[in-house]
Amino acid sequence: DLSPQQRLEENGVPVKCKPYIQLFKNGKFMFSSLDNGETHSLFDSDLSYSFQVGLPVENDVLLRCRHFHDYNTRLSMFRIFFHTSFVGENYLRFSKEHIDGAKGN
């Protein structure tokens with residue numbers, strides 16, 4: 001959860017987080033879902049969220065998920081390394097025990 005200073009609201013409803021992802025291949029930046037300038041708010045009622053990457057991704061990849069608070073404050077939520085040969089049907093799903101930095105909440 002976010003600290004009290006980092007909490008956000010939309011229309012009076014507390015926002016859980018505003019996630020965006022970044023992809024890196026061989027240590028080089030490939031993609032950010034924030035590049036189009038849009039952020040999406042997640043609420044307590046949201047069970048999952050998906051990001052559309054729209055470009056070919058192959059081999060070893062680092063996916064980093066961050067919370068966007070404002071253009072000066074971005075907090076890392078988690079990151080995960082994976083190889084695309086383990087991707088089936090064009091989507092990935094991970095449990096907390098497979099994610100670096102995921103908290104027990």
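Modeller: The following dialogue takes several features in turn, with the general idea before the case. The model is predicted, so to speak of it with care, local features need pLDDT of at least 70 and side-chain atom pairs count only at pLDDT 80 or more, while totals for chains, interfaces and linings use all residues. Residues are numbered from 1 along each chain as its sequence is written, and side-chain values use heavy atoms, with hydrogens and water left out.

Biologist: How many helices and strands does the protein have?

Modeller: Helices (H or I, at least four residues) and strands (E, at least two) are DSSP runs numbered from the N terminus. The protein has 0 helices and 6 strands, in the order β-β-β-β-β-β along the sequence.

Biologist: What share of the residues counts as buried?

Modeller: A residue is buried under 20% relative accessible area, exposed over 50% and partly exposed in between, with a 1.4 Å probe and protein chains only. Of the 105 residues, 27% count as buried.

Biologist: Which residues make up the largest nonpolar core?

Modeller: Such a core is a set of buried Ala, Val, Leu, Ile, Met, Phe, Trp, Tyr and Cys residues joined through side-chain atoms within 4.5 Å. Here the largest one has 9 residues: Ile21, Leu23, Phe31, Val61, Leu63, Cys65, Ile80, Phe82 and Ile99. Strands E3 (19-25), E5 (60-70) and E6 (73-83) each supply at least two residues of this core, and the largest share, 3 residues, comes from E5.

Biologist: Which residues does Ile99 touch?

Modeller: A contact means heavy atoms within 4.5 Å. Leaving aside residues up to four places away in sequence, Ile99 touches Phe78, Arg79, Ile80 and Phe94. For the protein, residues 24 or more positions apart account for 50% of the contacts with a separation of 6 or more.

Biologist: In what sense do E3 and E4 pair?

Modeller: Two strands pair if DSSP finds at least two bridges between them. E3 and E4 (residues 28-32) pair in the antiparallel sense over 4 bridges, and Gln22 stands opposite Ser32 in E4. Their hairpin has 2 residues between the strands, and Asn26 takes a positive phi near 55° there.

Biologist: How is a pair of aromatic rings described?

Modeller: The description uses the distance of the centres and the angle of the planes. Rings of Phe, Tyr and Trp (its six-membered ring) pair if their centres lie within 6.5 Å; planes under 30 degrees apart count as stacked, over 60 as edge-to-face and the rest as tilted. The count by this rule is 1 aromatic pair. Phe24 and Phe29 have ring centres 5.7 Å apart and planes at 70°, so the pair is edge-to-face. Phe24 is buried, at 15% relative accessible area, whereas Phe29 is partly exposed at 45%.

Biologist: Which residue forms a salt bridge with Lys25?

Modeller: Side chains of opposite charge can pair when their charged atoms come close. A salt bridge needs a side-chain nitrogen of Lys or Arg within 4 Å of a carboxyl oxygen of Asp or Glu. The structure holds 1 salt bridge; Glu58 forms a salt bridge with Lys25, with the closest N and O atoms 3.7 Å apart. Glu58 lies in the loop between E4 and E5 and Lys25 in E3, so the pair ties together parts 33 residues apart in sequence. Glu58 is partly exposed at 46% relative accessibility, and Lys25 is partly exposed at 22%.

Biologist: Is Leu42 buried or exposed?

Modeller: Leu42 is buried, with a relative accessible area of 14%; its place is in the loop between E4 and E5.
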